[in-house]
Amino acid sequence: MGLQVGIDLGGTNIAGGIVSEEGKVLCRQSVPTGQGCSPERIADQIAALCRELVQESGIAWQSVQWIGVGVPGSVEKKTGTVEYANNINFVQVPLRQMLEERLNCRAYIENDANSAAWGEYQIGAGKGCSSMVMLTLGTGIGGGIIENGRLLSGCNGAAGELGHFVLDLKGKPCNCGLRGCFEQYGSVTALIEQTKFAMRTTPDSLMHRWAAEHGGCVDGRTPFEAMRAGDSAAKKVVQAYVRYLCLGITSIINIFQPEMLCLGGGISREGETLLGPVRAFAAQHGYARGSVRQTRIAAAVLQNDAGVIGAALLGKEQEAERQIPIV
Ligand SMILES: [Zn+2]
């Protein structure tokens with residue numbers, strides 16, 4: 001049985017797991033990312049986590065085919081270099097080589113959103129499709145694009161930033177330096193902002209009660225739950241948010257016409273409340289609305305494990321390029 005180690009390198013945590021070829025997580029662990037550490041030290045941390053996972057699961061190193069790492073930044077996968085990752089201070093870091101030297105094992109690296117999309121494509125909602133676009137709604141909007149069984153990387157490894165096309169010329173400033181990016185309207189951060197704004201102007205809204213019952217916390221569920229309880233202000237928030245999702249997702253479908261478009265992130269658990277209107281809008285306004293074949297729109301299925309599983313399965317995408325047979 002082929003086993004892989006999958007690592008999801010984040011700004012606050014490094015999560016890892018031993019993953020079977022079928023994408024089953026056999027054992028998992030997570031450690032805090034050393035703050036302000038050098039790339040050398042972070043590579044040491046990843047290597048130590050890999051060793052611990054192998055030891056804890058009781059498997060032999062010989063049964064580990066490779067390790068895969070999802071990195072929060074741009075990755076040039078041909079050379080295995082992290083070109084730029086802002087929140088871990090990586091600039092032109094040859095991470096693949098650093099890990100292979102430390103572990104004496106094949107390593108693959110990829111952007112984290114691309115890794116998660118790859119996992120979803122291999123064993124999740126996109127299984128069996130020839131093309132898929134995954135959109136992860138969270139603090140920002142992450143994306144991954146798969147065409148003919150390969151991840152789209154672009155000329156510099158930075159393709160798939162689906163949160164950063166502009167919906168509003170004079171819109172809200174975005175972290176990327178532009179204004180009015182899709183991320184500023186379709187992310188969960190944006191939904192929470194819109195919710196808080198509506199709560200300030202409607203003191204009698206049920207959104208206040210829901211938040212109070214949840215430790216004063218306003219999150220992505222607040223407007224959905226209050227809407228379901230019959231609150232009209234919450235319904236307006238959800239409708240405005242879903243309208244932006246409809247526009248963003250239909251634009252993405254117009255460009256790629258993938259067989260599957262899947263929505264990830266905790267908010268995708270809202271299911272048909274989100275997916276229903278998006279499907280209806282795309283069917284009515286999508287450029288290819290006259291075509292017999294239409295993009296299917298569905299929720300991602302891997303949820304929290306997508307990053308680790310996708311990273312673990314990276315060898316399946318990149319092995320051909322390395323041109324070294326995997327024994
Ligand atoms: Zn942007």
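The legends below describe close-up views of a predicted model.

**Figure 1. The two domains of the chain.** The domain assignment divides the chain into domain 1, made of residues 3–119 together with 305–322, and domain 2, made of residues 130–301. Taken over C-alpha atoms, the centres of domain 1 and domain 2 are separated by 28 Å.

**Figure 2. The contact between domain 1 and domain 2.** In this view, 13 residues of domain 1 are in contact with 15 residues of domain 2. On the side of domain 1 that touches domain 2, the elements giving two or more residues are β5 (74–76) and α3 (112–123). Helix α3 provides the largest share of this side, with 5 residues. Sorted by class, the side of domain 1 that touches domain 2 holds 6 nonpolar, 3 polar and 4 charged residues.

**Figure 3. The packing of helices α6 and α7.** Helix α6 spans residues 206–213 and helix α7 spans residues 221–228. The two helices pack at an angle of about 120°, and their axes lie 9 Å apart. Because of this angle, α6 is oblique to α7. The crossing in which α6 passes α7 is right-handed.

**Figure 4. The residues that join α6 and α7.** From α6, the residues L206, M207, W210 and A211 take part in the contact. They meet T222, P223, E225 and A226 of α7. The residues of the contact of α6 with α7 comprise 6 nonpolar, 1 polar and 1 charged.

Definitions and conventions
Residues are numbered from 1 along each chain as its sequence is written. This is a predicted model: local features need pLDDT of at least 70, side-chain atom pairs count only at pLDDT 80 or more; totals for chains, interfaces and linings use all residues. Domain bounds come from an automatic or database domain assignment. Two residues are in contact if their C-beta atoms, placed from the backbone, lie within 7 Å. Helices (H or I, at least four residues) and strands (E, at least two) are DSSP runs, numbered from the N terminus. Ala, Val, Leu, Ile, Met, Phe, Trp, Tyr, Cys and Pro count as nonpolar, Asp, Glu, Lys and Arg as charged, and the others, Gly among them, as polar. Axes are lines fitted to C-alpha atoms, for helices over the stretch in contact, and angles run from 0 to 180 degrees between N-to-C directions. Angles under 35 degrees count as roughly parallel, over 145 as roughly antiparallel, 65 to 115 as roughly perpendicular and the rest as oblique. A crossing is left-handed if the near helix is turned anticlockwise from the far one by less than a right angle, and right-handed if clockwise.
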